[in-house]
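Work through the exercises below with the structure open beside you. Try each task before you read its solution.

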Amino acid sequence: MKPEAPTPGRVQVTSYGVLVGWAVAGLVIGWLFRSGSMWLDRHPPVVSWSQPAVIGFVAVVLAVTAWTTKQALTRPHGLEPHQAVNRLVLAKACALVGALLAGGYAGYAMAWLGSDAALAGQRMTRSGVTALLGLLMCGAALLLERACRVKGDDPEPPHGAEPDPAS
């Protein structure tokens, strides 16, 4: 079965493969961050609690926006088209950034496994928490992306029409 070509003027849902790719890229970057900073003769950064707090806040804002968007689309004239497009763009960008952050912080945490450095445990814990919140941010962004869909977004054959056997 060959994949269906995108319809002009339609935005495709963010695929999980793309998100996994961004997460893997973040994982590699996060893993290399520790060794790169040591190679440059710099101290590896300490993860403060402000990073997970900000990412968690963004995840909550995205989740609330997804809920209000879904509610607005159930009411007549509840959301202007440009508002829906803005929210869709926000959702797509935040899904990619959330996956990248989750992978990056997970890679940074894994880079400290087995280390006996003074702050290794702190770096692993805070990076792990931040990675989980990055996943929540990505999930909330995907909820917002799906909340922007309206009835009729899923292409269905007309009633009584047979599906195309070539697909």
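**Exercise 1: A helix and its buried side**

Helix α2 covers residues 50-74, so count its 25 residues and compare its span of 36 Å, first C-alpha to last, with the 36 Å expected at 1.5 Å a residue, to which it is close. The expected span is 1.5 Å times one less than the number of residues. Helices are DSSP runs of H or I with at least four residues, numbered from the N terminus. The model is predicted: local features need pLDDT of at least 70, side-chain atom pairs count only at pLDDT 80 or more, and totals for chains, interfaces and linings use all residues. Residues are numbered from 1 along each chain as its sequence is written, and side-chain values use heavy atoms, without hydrogens and water.

Task: Which residues of α2 are buried, and which helices do they pack against?

Solution. 
- Step 1. Apply the cut-off: buried means under 20% relative accessible area, with a 1.4 Å probe and protein chains only.
- Step 2. List the buried residues: Pro52, Ile55, Gly56, Ala59, Leu62, Thr65, Ala66, Thr69 and Ala72.
- Step 3. Find their partners: these residues pack against α3 (81-111) and α4 (120-147).

**Exercise 2: One threonine**

Task: Is threonine 65 buried or exposed, and what does it contact?

Solution. 
- Step 1. Locate threonine 65 in helix α2.
- Step 2. Its relative accessible area is 18%, so threonine 65 is buried.
- Step 3. Leave aside neighbours within four places in sequence. Threonine 65 then contacts Arg87 and Leu144, where contact means heavy atoms within 4.5 Å.
- Step 4. Turn to leucine 144. Beyond four places in sequence, it touches Thr65 and others, including Leu62, Leu90 and Ala91.

**Exercise 3: The nonpolar core**

Task: How many residues form the largest nonpolar core, and which helix gives the most?

Solution. 
- Step 1. Use the rule: such a core is a set of buried Ala, Val, Leu, Ile, Met, Phe, Trp, Tyr and Cys residues joined through side-chain atoms within 4.5 Å.
- Step 2. The largest one has 25 residues; Leu62 and Leu144 are among those with the most contacts inside it.
- Step 3. α2, α3 and α4 each supply at least two residues of this core.
- Step 4. α4 gives the most, with ten residues.

Terms used. Buried < 20%, exposed > 50% of the residue type's maximum accessible area, 1.4 Å probe, protein only.
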